[in-house]
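Let's take a walk through this protein together. Have the model open beside you as you read.

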Amino acid sequence: MQRLDLQSRHIVLGMSGGVACYKAAELTRELVKAGATVQVVMTEAAQQFITPVTMQALSGRPVVTSQWDARAPANMAHIDLSREADAILVAPASADFIAQLAQGRASELLALLCLARPIERCPLLVAPAMNREMWAHPATQRNVAQIVADGAQLLGPGHGDQACGETGDGRMLEAVELRDELIAAFQPKVLTGRRVLITAGPTFEALDPVRGITNHSSGKMGFAMARAAAEAGAVVTLVAGPVHLPTPRGVHRIDVQSALQMHAAVLPLAPSHDVFIATAAVADWRPVQAANHKIKKDATGQVPSFGLTENPDILAEVARLPEAQRPYCVGFAAETHDVVQHARDKLRRKGVPLIVANHGPAAFGRDDNALMVIDEHSVTETPRTDKLSLARALVAAVAQRLPKPSR
Ligand code: C5P
């Protein structure tokens, strides 16, 4: 299922001079694929690195390069471009371009239209790209602090190998990272100032060093919740069982294997969080004792037997913390039948205010799902859709129920 996160968004993609211009080509494709219309504006320096022909072909629109472009109806390209834009993304932003922004200069069309943008309505996102010494220079740092104080949002820079052969801070973020930052910029910031703790994935209960008990949870829903909470402005900690999923940007991830490890990671963190969302499919039981060596098959044909013991219920324990230490708790329930009835039982048994229920076998491993959001008084059904869209709806449902911050 293709989710068009930037559908009906009009983005001005501004490019200043830098080797990272090649990444702006890929970025244009990503933005168009996500449903945006992209108007590319290039400085003279940018055209030394990549041609407007390439950018026109990728964006499907003639590139604008000059404030004297006579195609603009009233010959005011800077006004037209900035009024039409839902956001301006400058990628790459060179040290010189950031200096121009910091000083409010307007000698090139791109700087001019950034200055002319309606500041309340049109976000300006800036993705620096430069050598590490240029980035670290006090003049650049001063200029960056100034443009942030003036309302620009800084994306990156990243760390790593640079075109000059050096390694350090100053690399432009990758195209997909910039795309996701832009998508996040459009999400309502309903969790700003909140701290959210999330468990995700299965747990793995070892029988011996090579075998164990686990389940089919893919972790996709929990990772989508982490991304959606971060997009909504929260500080997010994600405690993940064994899954092969990339960490959403800006999320602090702690990897664990077993239920006991997940329990040990979550309990000390819970009191410093405002929300706890338990999406993990925690194994109910673990072997009483895991063997230190691989259990060998022997010639007698004797089959080993394993005693099991119950794992702690992480969600129920967090929900039992004293009120002053207790985050707002959200549980997930994968059921095969009588979904609402079982979810309500769980709500009461675990003492949590909100349960998100789904039909287990129809959810595991898939990219989409249908959910029921169940509290003491209501059941709200969400139609089947992709897990990130569901996660964003859940984030809104949770944000609505949070007590107002005391300060
Ligand atoms: O009881 P059941 O496993 O169906 O409950 C599911 C909910 O409880 C999920 O939110 C899950 O993450 C959480 N849970 C937990 N620790 C366990 C078992 C379940 O946190 N040991």
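**Around the ligand**

Start at the ligand, where one of its nitrogen atoms is 2.8 Å from a polar backbone atom of Pro312. Before going further, bear in mind that this is a predicted model, in which local features need pLDDT of at least 70, side-chain atom pairs count only at pLDDT 80 or more, and totals for chains, interfaces and linings use all residues. Residues are numbered from 1 along each chain as its sequence is written, and side-chain values use heavy atoms, with hydrogens and water left out.

Back to the ligand: an oxygen atom of the ligand lies 2.8 Å from a backbone N or O atom of Phe332. An N or O atom in the side chain of Lys346 is 2.3 Å from an oxygen atom of the ligand. On its own the ligand has 450 Å² of accessible area, and the protein covers 85% of that (Shrake-Rupley method with a 1.4 Å probe). The residues surrounding the ligand include Ala278, Ala280, Val282, Asp313, Ile314, Leu315, Gly331 and Lys350; to be listed, a residue needs a heavy atom within 4 Å of the ligand.

Where does the ligand sit? Its place is the second largest pocket. A pocket here is an open set of points on a 1 Å grid over the protein atoms alone, where a 1.4 Å probe fits, with protein on both sides within 12 Å along at least five of seven lines. Sitting in a pocket takes more than half of the molecule's atoms within 2 Å of its grid points. The elements giving two or more residues to the shell are α12 (314–319), β16 (328–335) and α13 (339–350). Helices (H or I, at least four residues) and strands (E, at least two) are DSSP runs, numbered from the N terminus.

Lys346 has another partner, too: its side chain and that of Glu335 are joined by a polar contact of 3.0 Å. (A polar contact is a pair of N or O atoms within 3.5 Å; within protein, one must be able to donate a hydrogen and the other to accept it, and residues adjacent in sequence count only if both atoms are side-chain atoms.) Glu335 belongs to strand β16 and counts as buried, because its relative accessible area is 11% (buried means under 20%, exposed over 50%, partly exposed in between, with a 1.4 Å probe and protein chains only). In the loop between β16 and α13 you'll find Asp338, which is exposed at 52%. Asp338 has a positive phi of about 45° although it is not a glycine.

Most residues other than glycine have a negative phi, and most peptide bonds are trans. Ser8, not a glycine either, has a positive phi of about 60°; look for Ser8 in the segment before β1 (10–15). There's a cis peptide bond between Ala91 and Pro92, with omega about 0°, and Pro92 lies in strand β3 (residues 87–93). Another cis bond joins Gly156 and Pro157, with omega about 5°.

Zoom out, and the protein has 14 helices and 19 strands. Of its 407 residues, 50% count as buried.

Definitions and conventions. 1 Å grid on protein atoms, 1.4 Å probe; cavity = no way out; pocket = protein on both sides within 12 Å on 5 of 7 lines; lining within 4 Å.
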